[in-house]
Amino acid sequence: MFIVDRELERLEAQGRPIRVGMVGAGFMAQGIALQMLRYVPGMELVAISNRHVEKARDAYAAAGEDDVMEATSTKALEDLVARGRRAFTADPMHICEADGIDVIIEATGAIEFAAHVTMRAIRHGKHVALMNAELDGTIGPILKVHADRAGVVLTNVEGDQPGVIMNLYRWVRGLGIRPVLCGNIKGLHDPYRNPTTQDGFAKKWGMKAPMVTSFADGTKISFENAIVANATGMRVAKRGMYGPVVEPGTPIQGAVGWYPLNQLLEGPGIVDYCVGAMPNPGIFVLGTTEDAVEKHYLSLYKMGPGPLYCFYWPYHLCHFEVPSTVARAAIFRDAAIAPLGAPTVDVVAAAKRDLSAGEILDGLGHYMTYGLCENARTVHAERLVPIGLAEGCRLLRDVKRDEVLGYDDIELPIGRLCDALRREQDLAFFGRSVASLRREVSATA
């Protein structure tokens, strides 16, 4: 963690900053722009792209940078970067293709759009930092395959919970303690929240109501925990996770007694969450050790009698920490958090209300679906629909509230890259027949 700041100072002194292009200019992207432009040495935010190009200009202006120019071609953007100028553009592919840009931050929260951006950036030899849990949790493993082939780093970011959890996971593992649960601390979980119920909160903080809804209805935490599972090899203990609700303000150290012990100590460990504990919005890792001497020391250091020990971080600071992820990728080729290989956990679509045949499914954090974590082998064997692919699909039958959607229930839009990448991911990691996977799932259920 602390070696990064020294390396950035060195790059600043040498006049060789990491040059960053960002796609997206929403709430989180604006925070990233502010952080990079004002407080991070050795790093230059040289270009921002947004569909509504004036928002890209506004993101610079909000950070106090008004001397920016619009680029309407890749060549024009390359010329501006070479001259040390900052640019904005409506076309993200200019940023993905332009020479002189080292790292792309994808910060839109979209999936189909972000798939095109990420693949183009990888093809043009750029590291990609995803502030986009939705993309990562849907097709991150296959994007990682493409990034590895191209010799670039694909990473999710610190600041968001997955990156912070992974930092803590690596630290705990480095102590010689085996992590058995990676967890997220929430203040609210209600799968039936929608943009209408969350509108007031969204307006108060200058955010979009669907984004806020995805936090409240469990979709976002499902994506975040799927990302952690895919980076650690962990699983979920049951569909939707346990998510114990405790008395508000309960110390998180009590988490050592909130989950079935046998499911933690056997196998690769699980991802989960809790509601109501403090510190909120923090993260935690439960670990264990069989070393009697280490147990003695842990007891001395007020970590409790075991067999589980709770390690936690009291906050996650979103955009503040993103530059550290960018630096790790560009300088050390180290991903803050990335899939290990085959996905272990997916996020499937469940009906938020009774749905009717012929309806077109709306987006994440809207009115029709919410996300649930499920083990990837089960998702593949039962042909369940990842919620990241659900938007724009037409329902072929009526679906009751809380029912999980399957591919037989929907008609996919034609020609989407995200569907093609998902098919490639399923074939690459689950190339066996659905029937054999169903038998395997049944045998281990």
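Mentor: V293, Y297, L300 and Y301 make up a nonpolar surface patch whose accessible area is about 430 Å² together. Accessible areas are Shrake-Rupley values with a 1.4 Å probe, and only the protein chains shown count as cover for residues. A nonpolar patch joins Val, Leu, Ile, Met, Phe, Trp or Tyr side chains within 5 Å, from residues with over 30% relative accessible area and no salt bridge (a side-chain nitrogen of Lys or Arg within 4 Å of a carboxyl oxygen of Asp or Glu). This is a predicted model: local features need pLDDT of at least 70, side-chain atom pairs count only at pLDDT 80 or more, and totals for chains, interfaces and linings use all residues. Residues are numbered from 1 along each chain as its sequence is written, and side-chain values use heavy atoms, with hydrogens and water left out.

Trainee: Where does V293 lie?

Mentor: V293 lies in helix α13. Helices are DSSP runs of H or I with at least four residues, strands are E runs of at least two, and both are numbered from the N terminus.

Trainee: And T289, is it buried or exposed?

Mentor: T289 is buried, at 8% relative accessibility; buried means under 20% relative accessible area, with a 1.4 Å probe and protein chains only. T289 sits in the loop between β10 (283-288) and α13. A polar atom of the T289 side chain lies 3.1 Å from the backbone nitrogen of D291.

Trainee: What is T289 in contact with, neighbours within four places in sequence aside?

Mentor: Its contacts (heavy atoms within 4.5 Å) include E294, K295 and L298, as well as G176, P307 and Y309.

Trainee: Where is the place of L308?

Mentor: L308 is in the loop between α13 (292-300) and β11 (309-313), and is buried at a relative accessible area of 4%. Beyond four places in sequence, L308 contacts residues including V180, V256, L261 and L286. The C-alpha atoms of L308 and L261 are 8.7 Å apart, although 47 residues separate them along the chain.

Trainee: Changing topic: which residues of helix α3 are buried?

Mentor: In α3 (residues 53-62) they are V53, A56, A59 and Y60.

Trainee: Why are they on the same side of α3?

Mentor: They cover an arc of only 110° around the axis, so they fall on the same side of α3; the arc is taken from the directions from the helix axis to the C-beta atoms. An α-helix has 3.6 residues a turn, so residues three or four places apart point the same way.

Trainee: What covers the buried residues of α3?

Mentor: The cover includes α2 (27-39), β2 (43-49), β3 (68-70) and β4 (86-89). Just after α3, G64 adopts a positive phi of about 90°.

Key
Buried means under 20% relative accessible area, exposed over 50%, partly exposed in between (1.4 Å probe, protein chains only). Patches are made of residues with over 30% relative accessible area and no salt bridge: like charges are joined within 9 Å, nonpolar side chains (Val, Leu, Ile, Met, Phe, Trp, Tyr) within 5 Å. A polar contact is a pair of N or O atoms within 3.5 Å; within protein, one must be able to donate a hydrogen and the other to accept it, and residues adjacent in sequence count only if both atoms are side-chain atoms.
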